[in-house]
Amino acid sequence: MKHYPAEFKADAVALYRSRPGATIKSVAADLGVNTETLRNWIRAADGRRPGAHSAPPATSQAVDDGVQAELAAARKRIRELEEERDILRKAAR
């Protein structure tokens with residue numbers, strides 16, 4: 001079993017939530033994690049036990065945490081895209 005840092009888990013959940021058309025399977029494949037692992041992280045972020053079928057209670061703290069995680073994931077993605085852009089600009093010269 002592999003251990004993932006809490007920040008990585010939060011970023012993975014935020015990434016999944018930031019892609020409206022994405023499936024858990026596709027995001028898990030992009031990140032190189034097991035589909036069920038990502039599914040469990042999403043459930044945990046929603047405050048649900050794995051296997052629970054009821055909707056999670058909405059609290060302002062949970063929403064704020066979700067927004068912060070999504071923001072962190074977005075900032076990380078922006079840094080990655082800027083780095084890729086810079087590499088491509090150098091290659092085009």
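A search of the whole structure finds five salt bridges, a salt bridge being a side-chain nitrogen of Lys or Arg within 4 Å of a carboxyl oxygen of Asp or Glu. This is a predicted model, in which local features need pLDDT of at least 70 and side-chain atom pairs count only at pLDDT 80 or more, while totals for chains, interfaces and linings use all residues. Residues are numbered from 1 along each chain as its sequence is written, and side-chain values use heavy atoms, with hydrogens and water left out.

| Salt bridge | N to O distance |
|---|---|
| Arg17 and Asp46 | 2.2 Å |
| Arg39 and Glu36 | 3.0 Å |
| Glu80 and Arg77 | 3.4 Å |

Helices are DSSP runs (H or I, at least four residues), numbered from the N terminus. Arg17 is partly exposed, at 36% relative accessible area, and Asp46 is partly exposed at 25%. Partly exposed lies between buried (under 20% relative accessible area) and exposed (over 50%), with a 1.4 Å probe and protein chains only.

Arg39 and Glu36 are three residues apart in helix H3, so about one helical turn separates them. Glu80 and Arg77 both lie in helix H4, also three residues apart, about one turn of the helix.

Helix H3 covers residues 35-45, and its residues Leu38, Trp41 and Ile42 are buried. Seen down the axis of H3, the buried residues fall within an arc of 100°, so they line one face of the helix; the arc is that of the directions from the helix axis to the C-beta atoms. Their cover includes helix H1 (6-18) and helix H2 (24-31).

Just after H3, Gly47 takes a positive phi of about 80°.

The largest nonpolar core has 12 residues, among them Leu38, Trp41 and Ile42. Such a core is a set of buried Ala, Val, Leu, Ile, Met, Phe, Trp, Tyr and Cys residues joined through side-chain atoms within 4.5 Å. Ala28 also belongs to this core. Leaving aside neighbours within four places in sequence, Ala28 is in contact (heavy atoms within 4.5 Å) with Val33, Asn34, Thr35 and Leu38.

Key:
Helix = DSSP H or I, 4+ residues; strand = E, 2+ residues; numbered from the N terminus.
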